[in-house]
Amino acid sequence: MCGIVGYIGHREAYPIILKGLKRLEYRGYDSAGIALYDGKDLNMCKTKGKVADLQELLESEISTNGKLGIGHTRWATHGVPNDVNSHPHYSNSGNLAIIHNGIIENYDALKKELIKRGYTFKSDTDTEVLINLIEDVMINQHAKLGKAVQIALNQVVGAYAIAVFDKTKPNEIVVAKLGSPLAIGIGEDEYFIASDASPFIEFTDNAIYLEDEEMAIIRLNKDIKIRKIKDDSLVNPYIQKLQLNLEQIEKGGYEHFMLKEIYEQPLAIKDTYRGRLLVEEGIIKLSGVEDNMKRFLNADRIIIVACGTSWHAGLVAEYIFEDLARIPVEVEYASEFRYRNPVITEKDVVISISQSGETADTLAAIKLAKSKGAFVFGVCNVVGSSIARETDAGAYTHAGPEIGVASTKAFTTQITLLTMMALRLARAKGTISSSDYRRQLQELELIPEKVKEALKADKHIQSIAETYKDSRNMLYLGRGYNFPVALEGALKLKEISYIHAEGYPAAEMKHGPIALIDENMPVIVIATKKGHYEKVVSNIQEIKSRKGKIIGIVTQGDVSVRELADHVIEVPETLENLSPLLTTIPLQLLSYHIAVMLGKNVDQPRNLAKSVTVE
Ligand code: AGP
């Protein structure tokens with residue numbers, strides 16, 4: 001998830017683009033760049049770091065003149081954050097400049113073709129491949145820029161929002177969209193392009209939001225032409241009157257980044273398996289695992305090290321790896337592991353899980369494991385972060401930037417990635433039948449739609465939150481795959497509402513916590529159909545007989561729990577090992593609504609930091 005900005009018109013483009021990038025920095029902040037056409041030359045400046053770093057550099061490096069320009073603030077997916085991988089990117093001739101937000105899945109195959117035809121590449125990005133593909137079409141098919149973009153995009157698999165211009169024809173910009181957002185601001189003899197309206201809201205409130213598979217050729221003093229990329233058919237532009245203010249736009253119209261990120265999970269999960277989960281072919285493609293398959297298959301055990309929510313994802317992974325791939329797993333709090341003088345051998349594989357990639361305890365645990373000869377594989381959300389650089393190999397979750405301190409979409413994308421790893425290893429080890437394997441891939445592909453379904457209970461969950469917002473304590477119970485989800489639900493409530501909560505394996509209740517149960521104790525019980533349903537129902541009866549207030553997370557159409565519980569929240573049915581991806585959604589929303597009702601600072605709760613870089 002990057003931020004893109006473009007301008008063509010009668011004003012100086014530089015100040016508009018620079019301010020626009022600052023407003024879009026919540027979308028990505030590991031590198032930035034601008035390209036401006038000053039009437040004669042194309043001038044570009046790009047750098048690793050924040051937009052402020054770019055500004056400092058740029059004003060001493062290049063002319064900032066020009067009424068045509070594009071800018072980008074990056075959230076790396078392909079190619080670590082550094083100057084050369086920053087955007088914009090030029091074509092080999094230097095005539096074309098592009099900015100891109102998204103992921104080109106088949107960029108490697110396209111790149112190999114272009115190299116055969118003599119193209120060279122400065123960066124590791126998928127974007128530089130796209131701009132040279134467009135140039136190649138212009139040259140070999142004698143196509144104009146607009147047509148060449150269309151032809152090239154019909155060869156591309158993946159997601160994109162792009163803006164491209166040709167310095168030899170500086171009166172137009174071509175933009176296109178599939179999966180990533182793109183808004184066009186319509187001014188008097190000027191046009192603005194951006195990932196959302198925040199860069200141009202002060203200049204115009206007339207905007208066109210491109211739909212998927214649409215492109216627009218934007219020419220000065222001409223009406224915009226929007227076309228379908230697939231068949232070049234013309235689309236009637238729908239100009240919207242913008243109602244949102246700046247803060248609202250940055251949060252996508254949501255009240256808090258946390259709620260926005262909860263609703264971003266369907267796309268984040270899809271982006272995390274994009275180009276990796278190939279259901280048709282019946283394969284999972286994870287190069288980090290493929291390249292180190294021997295280490296995984298010969299491992300005595302897998303040790304997972306992480307903190308907080310990432311540790312909970314590690315617990316879910318323990319169930320998956322042992323259940324599907326039959327590999328013994330231990331899950332360690334990184335802060336304990338690093339000082340416990342643990343027994344680690346060269347036959348161990350250590351998986352570190354971290355959203356930020358900067359958590360000090362996890363980093364130290366990695367260094368310790370490496371010093372003892374273990375192979376360390378990183379699951380991380382920030383490309384080029386310390387943990388990504390320290391590990392021997394790894395795979396990125398593609399959740400995009402997570403701004404809210406309370407982790408939500410990082411958790412579900414971590415589970416998605418770890419599930420794909422376990423399935424790939426199970427396939428390699430032959431511990432899963434072909435039919436089960438195919439079923440798993442098909443069901444995983446359906447998860448984004450099922451998460452959307454689970455999100456539809458939001459209003460209902462809000463009313464339950466109203467009932468329990470003044471509780472002093474809460475208990476969360478789950479069994480099997482959903483025990484870690486109970487822990488995660490309790491953590492979410494604690495960290496944003498400051499209400500004390502504990503998660504427990506449901507059967508553990510009888511060994512102590514049941515003493516806490518009375519009419520003032522709300523108990524959230526995850527009781528989905530797959531797994532140990534009957535046993536969970538009897539745990540619910542134990543709570544009920546002690547007057548505990550029961551909120552059941554159940555499978556759609558459930559009857560038994562509905563008869564026992566005070567409230568039920570339904571989630572769609574799925575395979576047991578995939579159910580954490582759905583059961584965690586109502587728990588995120590419940591804690592969110594309670595915290596909002598209590599007037600807490602949901603995105604920046606007290607005493608917490610998004611990335612704990614100290615021990
Ligand atoms: C979770 O909501 C918290 N923000 C915190 O527990 C977090 O999961 C933990 O600090 C680990 O962070 P990481 O994933 O960036 O390493």
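Residues are numbered from 1 along each chain as its sequence is written, and side-chain values use heavy atoms, with hydrogens and water left out. Because the model is predicted, local features need pLDDT of at least 70 and side-chain atom pairs count only at pLDDT 80 or more, while totals for chains, interfaces and linings use all residues.

I begin with the ligand. Its shell holds 14 residues, and the closest are Ser-310, Ser-354, Ser-356, Thr-359 and Glu-495; a residue is counted as near if one of its heavy atoms lies within 4 Å of the molecule. By class, four of the shell residues are nonpolar, eight polar and two charged. Here Ala, Val, Leu, Ile, Met, Phe, Trp, Tyr, Cys and Pro count as nonpolar, Asp, Glu, Lys and Arg as charged, and the others, Gly among them, as polar.

Which helices each supply at least two residues of the shell? They are α11 (308-325) and α18 (483-497), and α11 gives the most, with three residues. Helices (H or I, at least four residues) and strands (E, at least two) are DSSP runs, numbered from the N terminus.

Next, the polar contacts, that is, pairs of N or O atoms within 3.5 Å. A polar side-chain atom of Ser-354 is 2.6 Å from a ligand oxygen, and an N or O atom in the side chain of Glu-495 is likewise 2.6 Å from an oxygen atom of the ligand. Val-405 takes part through a backbone N or O atom, 2.7 Å from a ligand nitrogen. The protein covers 91% of the 410 Å² of accessible area that the ligand has on its own, by the Shrake-Rupley method with a 1.4 Å probe.

I turn to the sheet. Seven strands form an open, antiparallel sheet in the order β5-β6-β7-β8-β12-β13-β14; two strands pair if DSSP finds at least two bridges between them. β5 (89-90) and β14 (234-235) stand at the edges with a single partner strand each, so one side of each has no neighbour in the sheet. Strand β13 (residues 225-228) pairs with β14 over two bridges, and Arg-227 has Leu-234 as its bridge partner.

Finally, the backbone. The peptide bond from His-87 to Pro-88 is cis, with omega near 0°, and Pro-88 is in the loop between β4 (68-74) and β5. His-142, in the loop between α4 and α5 (145-153), has a positive phi near 50°. Most residues other than glycine have a negative phi, and most peptide bonds are trans.

Definitions and conventions. Polar contact = N/O pair within 3.5 Å; in protein donor to acceptor, adjacent residues only side chain to side chain.
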